[in-house]
Amino acid sequence: MAALKMTISCFFFLQVISCLLSLFAPTTVQGLKVGFYDKACPKAELIVKKFVFEAVKKDLTLGAPLLRMFFHDCFVRGCEGSVLLELKNKKDEKNAIPNLTLRGFEIIDNAKAALEKECPGIVSCSDVLALVARDAMVALNGPSWEVETGRRDGLVTNINEALSNLPSPFNNISSLITQFQSKGLDKKDLVVLSGGHTIGHGHCPQITNRLYNFTGKGDSDPNLDTEYAANLRRKCKPTDTTTALEMDPGSFKTFDESYFKLVSQRRGLFQSDAALLDNQETKSYVLKNLVKSDGSTFFKDFGVSMVKMGRIGVLTGQVGEIRKKCRMVN
């Protein structure tokens, strides 16, 4: 009898220990984990990295659209590769106005083809997107982070869902906070991920209202530095629909903290950039991360927020599929 009591006591003790250990285990979500392919396709991450580094080395401007591709995928239906799908009627996410400037889809295709040759039917297109985003930032001397993998690919793409779910460059701070919160992201994630605007381009139509007709009276945005506004007006005439503008002038090919310095000087390109100064929490982060040597935590924080974003609406287990080709369902 005593032996039985001891066995039962040991069982409950082990159960308690197990529960306590689970409380302190690394946070993952819905079947995602770092190293998901270690056994099934051990070379997966190296294969993706090879294609990304080769492409970005040839064209540094590819880094920004590759990062934005993952962002735009996650904010519509979750991180399940719907931004890659193409429909004959063109009513797919790819053809939504916010996605028309995305580039680098051939890098995804090439990496996926190599993965299919190495380990057929194992690595999802949505995981390729997540890995590509990280590797593109590393290729630009930006931050690195451990990417959780194990996503499966979605079966649906809809142009209208992209239009209604993607944050707009015209958004004010309240709209931005609401949109990010709807995806499980907080104010810190908002300002940190906005820091991705340290690389890449915007285009004239995204700022025309700030320059020429901000309140409908032929005025400019008072939150835009006047000298910077005059410079932008020289580049963007009211009817210009094509001219590209550096998001971070002089540093748009390098991932760094200079974006926050520009925002603090009222030189953020988009209205959504300027909006970061309209909330105490986001403004405080901007002002604390102006220069790396002053103790900026931006690189570390960016990796944390990217992992968090990468958990939005994921498909795992038997849900969805592993596409053979990323542009079409099986």
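Colleague: What makes Cys 236 buried or exposed?

Modeller: In this predicted model, Cys 236 has a relative accessible area of 1%, and since buried means under 20%, Cys 236 is counted as buried.

Colleague: And Cys 204, how do you know whether that residue counts as buried or exposed?

Modeller: The relative accessibility of Cys 204 is 0%, which again has to be set against the limit of under 20% for buried, and therefore Cys 204 counts as buried.

Colleague: Why are Cys 204 and Cys 236 called a disulfide?

Modeller: Their sulfur atoms lie 1.9 Å apart, and because a disulfide is a pair of cysteine sulfur atoms within 2.5 Å, Cys 204 and Cys 236 are taken to form one. Cys 204 sits in the loop between β3 (201–203) and α9 (208–212), while Cys 236 sits in the loop between α10 (226–235) and β4 (244–246), so the pair ties together parts that are 32 residues apart in sequence.

Colleague: What makes the disulfide of Cys 204 and Cys 236 left-handed or right-handed?

Modeller: The torsion about its S-S bond is about -75°, so the disulfide is left-handed.

Colleague: How do you know that Cys 125 and Cys 326 form a disulfide?

Modeller: The separation of their sulfur atoms is 2.1 Å, and with the cut-off set at within 2.5 Å, the pair is assigned as a disulfide. Cys 125 belongs to helix α5 and Cys 326 to the segment after α14 (298–309), so that this pair links distant parts of the chain, 201 residues apart. With -95° about the S-S bond, this link is left-handed.

Colleague: Why are Cys 125 and Cys 326 described as buried?

Modeller: Cys 125 has a relative accessible area of 0% and Cys 326 has one of 2%; as buried means under 20%, Cys 125 is buried, and Cys 326 is buried too.

Colleague: What makes Cys 41 and Cys 119 a disulfide?

Modeller: From S to S the pair spans 1.8 Å, and because the criterion asks for sulfur atoms within 2.5 Å, Cys 41 is joined to Cys 119 by a disulfide. Cys 41 lies in the loop between β1 (33–34) and α2 (44–58), and Cys 119 in the loop between α4 (105–118) and α5 (125–139), so the bond ties together parts that are 78 residues apart in sequence. The torsion about this S-S bond is about -45°, so the disulfide is left-handed.

Colleague: How many disulfides does this rule give?

Modeller: The count comes to 4 disulfides, and with the bonded cysteines numbered in sequence order the pairing reads 1-4, 2-3, 5-8, 6-7.

Methods:
Residues are numbered from 1 along each chain as its sequence is written. This is a predicted model: local features need pLDDT of at least 70, side-chain atom pairs count only at pLDDT 80 or more; totals for chains, interfaces and linings use all residues. Side-chain values use heavy atoms; hydrogens and water are left out. Helices (H or I, at least four residues) and strands (E, at least two) are DSSP runs, numbered from the N terminus. Buried means under 20% relative accessible area, exposed over 50%, partly exposed in between (1.4 Å probe, protein chains only).
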